[in-house]
Structures are given as structure tokens and as C-alpha cells.
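Please read it alongside the sequence and the coordinates.

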Amino acid sequence: MSVLVGSIVMLGMLVIVPLGMGLVQDPALDRVRRLWPLFAVPGAVSLWLPRGDAATALALCYAAGTLLLASHAPRRLARLRSARPAEAAVLTALVTPSVAALALVAERFGHELFGFELGILALTVPHFHFAGFAAALVAGLVCRAQDGPAGRFAALSVPLGTLLVLVGYFTGERTELAGAVVLTAGMWTVALLTWRTVRVAGPDRVTRLLLAVSAGVLAVTMVLALSWALGEATGLPHPTLTWMAATHGLGNALGFALCALLARRRLQDLTRTEGTTA
């Protein structure tokens with residue numbers, strides 16, 4: 001499982017986060033995006049070293065990059081002075097990689113941060129890259145494009161669900177289950193709104209395919225997340241962590257996050273091209 005989780009985290013560090021930063025369309029993030037490989041490459045290397053000082057030092061380098069990214073959240077909030085749901089989702093996306101980096105540093109050092117086992121810390125890293133950064137950002141982008149009640153619900157429920165899951169780490173499985181329910185509702189709404197976009201004639205065939213895959217995969221992987229959280233809270237049979245990494249984790253990384261962000265990139269390029277032509 002460690003090889004699979006490491007590969008998923010590398011995808012998040014090297015591809016998902018910089019791709020997502022570009023989709024925010026904030027010139028203030030341009031410098032962070034240009035510098036990102038200087039932080040992300042050492043972080044990726046740290047995943048494959050034995051736990052110890054060298055791995056920790058490289059993980060700290062990545063943590064510095066995520067803190068630089070997170071520092072733009074309060075600046076953006078002060079600049080835009082907006083509490084709109086789409087903006088709340090984007091701000092959440094900017095902050096969540098730093099939570100992943102904190103878990104990474106502790107795990108690479110071999111320290112059971114807040115009493116969490118090293119295996120749980122290792123899984124927290126991909127969780128806050130994908131259920132945190134990617135999911136919140138996509139929900140915000142969907143809300144920007146479809147700013148109705150459903151879009152606003154998705155943009156608010158995804159950050160709220162992510163926060164409840166984080167709080168549940170400390171308070172117990174029932175809070176984590178509540179977070180999973182809220183997050184699942186939000187992500188299913190994202191899938192529904194994405195599917196509506198697929199049915200619009202505007203996007204090209206490749207973009208529609210990417211959107212369709214992201215919506216379909218999301219509908220399935222969130223059922224797995226909900227079943228795991230329910231099993232943890234109630235003792236009912238549920239998938240193992242290894243099975244969750246191979247299904248929910250891999251599906252969310254490739255099927256949802258990567259496809260959704262690539263599709264949103266293509267949609268932005270299409271809008272930009274149409275605007276230039278006009």
C-alpha cells in the first residue's frame with residue numbers, strides 16, 4: 001500500500017496542486033506556481049526515503065511551499081472581501097495542502113503527531129491533497145460556473161465536510177461520519193452539476209469525456225468513503241484501509257481530480273479563446 005499511496009501523493013504534489021493553482025486565475029499565485037517545483041520535488045523524494053532526518057528535511061521543504069500557498073488565503077480574503085460560497089471553497093483549497101504537509105513531516109520523522117499512528121498520518125497526506133485541495137477547488141469552480149442553489153450548496157458543503165472530517169480525527173468516529181455525510185452530499189452535487197455540463201453542446205468531445213469520467217467516478221468513490229466512515233462509527237463491516245487506498249484513493253486521484261481539473265482547464269482555455277475571438 002505504501003507504494004500506491006506514495007504514487008498518489010506524488011500526483012497531488014507535482015500535478016494536481018500546480019494545475020489547480022492555475023485554475024484559480026489569481027495573478028498573486030503566479031509566483032508560487034513558478035516556484036512550486038522547488039518545494040514539490042523534494043517533498044516527492046521524501047516519500048521514497050526511509051524515515052529519518054533526510055526524509056524529514058525534504059518534507060519540511062514541501063511544508064514551506066504549502067505554507068507559502070496558504071498565506072495567500074488571508075491575503076485573498078482581505079483583498080476581495082468576499083464570503084461567497086465559491087470563494088470559501090477556493091480559500092479552503094489554498095489552505096488544505098498545509099494540513100497534508102504537517103502530516104507528512106510528522107510521518108517522515110516517525111512521530112505519532114497528536115497520537116495518530118504513522119499509517120493514519122500517511123493516509124492523511126493524500127486525503128488533504130484530494131478530498132481537501134482538489135475537491136474544494138472543483139466545487140468552487142463548479143459554483144463559479146453554475147451559481148445557483150446547488151452550486152452554492154456544493155461550494156459550502158465540501159469545505160464544511162472536510163473540516164468535520166478533520167475535527168473527527170480528534171473527537172471521534174461519529175463526527176468523522178457526519179463529515180463524510182456532508183462531504184458526500186457536496187461531492188454528489190458536484191457530480192450532478194458536472195453531468196449537466198456534459199450535456200451542454202459547448203464543450204468539445206474530449207472535455208465532455210473528462211467531465212463525464214470525473215462525475216461518474218466521484219459518484220462511486222464517495223459511496224466507498226461513506227461506507228468506510230459508517231463502518232468505523234458503528235462497527236458494521238466495511239472496506240479495509242488497503243482496499244480504500246486501491247479503490248477510493250486511486251479513483252479520486254485519477255478518475256476525479258485529474259480528469260476534473262484537466263476538463264476545467266480546457267473549459268477555461270475555450271472561454272479565453274472565445275473571448276479573444278470576440
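Helices here are DSSP runs of H or I with at least four residues, numbered from the N terminus. The model is a predicted one.

**The largest pocket**

Six helices, α1 (2-24), α6 (118-145), α7 (149-171), α8, α9 and α10 (241-277), each give at least two residues to the lining of the largest pocket. The space in this pocket comes to about 830 Å³. Its lining consists of 34 residues, and those closest to the centre are L123, H127, Y169, E176 and W228. Helix α6 makes the largest contribution to the lining of the largest pocket, with eight residues. By class, 23 residues of that lining are nonpolar, seven are polar and four are charged.

**The largest cavity**

The volume of the largest cavity is about 40 Å³. Which residues line the largest cavity? They are V138, V142, V190, T194, L211, S214, A215, L218, F256, A260 and R264. At least two lining residues of the largest cavity come from each of α6, α8, α9 and α10. The largest share, four residues, belongs to α9. Eight residues of the cavity lining are nonpolar, two are polar and one is charged.

**Helix pairs**

Two packed helices are described by the angle between their axes and the distance between the axes. The table gives these values for two pairs.

| Helix pair | Angle between axes | Distance between axes |
|---|---|---|
| α8 and α9 | about 165 degrees | 9 Å |
| α5 and α7 | about 30 degrees | 8 Å |

Helix α8 covers residues 173-198 and helix α9 covers residues 205-234. Angles over 145 degrees count as roughly antiparallel, and α8 and α9 are therefore roughly antiparallel to each other. The crossing in which α8 passes α9 is left-handed. In the contact of α8 with α9, 22 residues are nonpolar, four are polar and five are charged.

The crossing of α5 and α7 is left-handed.

**Salt bridges**

How many salt bridges does the structure hold? There are eight salt bridges in the structure. One of them joins the side chains of E107 and R51, at 2.8 Å from N to O. This pair links distant parts of the chain, with the two residues 56 residues apart. E107 sits in helix α5 (residues 85-109), whereas R51 is in the loop between α2 (30-46) and α3 (53-70).

Definitions and conventions: Residues are numbered from 1 along each chain as its sequence is written. This is a predicted model: local features need pLDDT of at least 70, side-chain atom pairs count only at pLDDT 80 or more; totals for chains, interfaces and linings use all residues. Side-chain values use heavy atoms; hydrogens and water are left out. Axes are lines fitted to C-alpha atoms, for helices over the stretch in contact, and angles run from 0 to 180 degrees between N-to-C directions. Angles under 35 degrees count as roughly parallel, over 145 as roughly antiparallel, 65 to 115 as roughly perpendicular and the rest as oblique. A crossing is left-handed if the near helix is turned anticlockwise from the far one by less than a right angle, and right-handed if clockwise. Ala, Val, Leu, Ile, Met, Phe, Trp, Tyr, Cys and Pro count as nonpolar, Asp, Glu, Lys and Arg as charged, and the others, Gly among them, as polar. On a 1 Å grid over the protein atoms alone, a cavity is a set of points where a 1.4 Å probe fits but cannot get out, and a pocket is an open set with protein on both sides within 12 Å along at least five of seven lines; lining residues have an atom within 4 Å of a point. Grid points are joined across faces, edges and corners, and a volume is the space filled by probe spheres set on the points. A salt bridge is a side-chain nitrogen of Lys or Arg within 4 Å of a carboxyl oxygen of Asp or Glu.
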